[in-house]
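Biologist: I am new to this structure and would like to be guided through it. Could we look at it together?

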Amino acid sequence: MKPRITVMTIGVDDLEKSLRFYRDGLGLKTEGIIGTEFEDGAVVFFDLPGGMKFALYPRKSLAKDSTLPLGPHSATELSLGHNVSSKEEADAVMEEAHKAGAIIVKPAQDTFWGGYAGYFQDPDGHLWEIVWNPQLLPEE
């Protein structure tokens, strides 16, 4: 296996609600819900830099497709990280997420390792870390 991730899919309970959160609230670009002509095929794709895709897929469909039982939510199983260029940008993204309906779990603040970071949860409880790391600045 080559060391790359090309698609990151998160399971959601309400595809429309999650679409509105990410598209309308956070400004991610998408064609919207596609694949509705297929049973359990409805999905949302967002294009990310470097050719990566971020996808929203109903939890029930993901469970069925993977043949795993639908399990309970757990916010601490995985966090999605979003690096920003400054502390001010971290605060702005956290505020944007809050206005979109996110739950602020931990406001952005100075970290023990010299950065600045905070956490929010999306409508399905997925944990996002918004982080300014002076050693890992994003390419613009």
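**The hairpin and its sheet**

Modeller: In the hairpin of β7 and β8, 5 residues lie between the strands, and Gly125 there takes a positive phi near 90°. This is a predicted model, in which local features need pLDDT of at least 70 and side-chain atom pairs count only at pLDDT 80 or more, while totals for chains, interfaces and linings use all residues. Residues are numbered from 1 along each chain as its sequence is written, and side-chain values use heavy atoms, with hydrogens and water left out.

Biologist: How many bridges pair β7 and β8, and in which sense?

Modeller: Strand β7 (residues 116-121) and strand β8 (residues 127-132) pair over 6 bridges in the antiparallel sense. Strands are DSSP runs of E with at least two residues, helices are runs of H or I with at least four, and both are numbered from the N terminus. Two strands count as paired if DSSP finds at least two bridges between them.

Biologist: Which residues of β8 stand opposite Phe120 and Tyr116?

Modeller: Phe120 has Trp128 as its bridge partner, and Tyr116 stands opposite Trp132.

Biologist: What is the strand order of the sheet that holds them?

Modeller: The order is β5-β8-β7-β6, an open sheet of 4 strands with mixed pairing. Its edge strands, β5 (79-83) and β6 (103-110), each pair on one side only. Neighbouring strands are turned by 15° against each other on average, direction ignored; axes are lines fitted to C-alpha atoms, for helices over the stretch in contact, and angles run from 0 to 180 degrees between N-to-C directions.

Biologist: And how do β5 and β8 run?

Modeller: β5 and β8 run parallel and are joined by 5 bridges. Within that pairing, Asn83 has Val131 of β8 as its bridge partner.

Biologist: Why is β8 described as largely enclosed?

Modeller: Because 6 of the 6 residues of β8 are buried, the strand is largely enclosed by the rest of the structure. Buried means under 20% relative accessible area, exposed means over 50%, and partly exposed lies in between, using a 1.4 Å probe and protein chains only. Leu127, Glu129 and Val131 are buried on one side, and Trp128, Ile130 and Trp132 on the other.

Biologist: Let us change topic. Where is Ala102, and is it buried or exposed?

Modeller: Ala102 is found in the loop between α3 (87-100) and β6. Ala102 counts as buried because its relative accessibility is 7%.

Biologist: What is Ala102 in contact with?

Modeller: Leaving aside neighbours within four places in sequence, Ala102 is in contact with Phe21, Ala97, Phe120 and Gln121, where contact means heavy atoms within 4.5 Å. Ala102 and Gly25 are 77 residues apart in sequence and 9.3 Å apart in space, C-alpha to C-alpha.

Biologist: What about the sheet that contains β1?

Modeller: That open sheet has 4 strands in the order β1-β4-β3-β2, with mixed pairing. β1 (7-12) and β2 stand at the edges with a single partner strand each, so one side of each has no neighbour in the sheet. The twist averages 20° from one strand to the next.

Biologist: Which helices pack on it?

Modeller: Helix α1 (residues 15-25) packs on the sheet and touches β1, β2, β3 and β4, its direction making about 155° with that of β4. Helix α2 (residues 59-66) also packs on the sheet, touching β1 and β4, and its direction makes about 95° with that of β4.

Biologist: How are β3 and β4 joined?

Modeller: Strand β3 (residues 43-47) and strand β4 (residues 53-58) run antiparallel and are joined by 4 bridges. Phe46 stands opposite Phe54 in β4.
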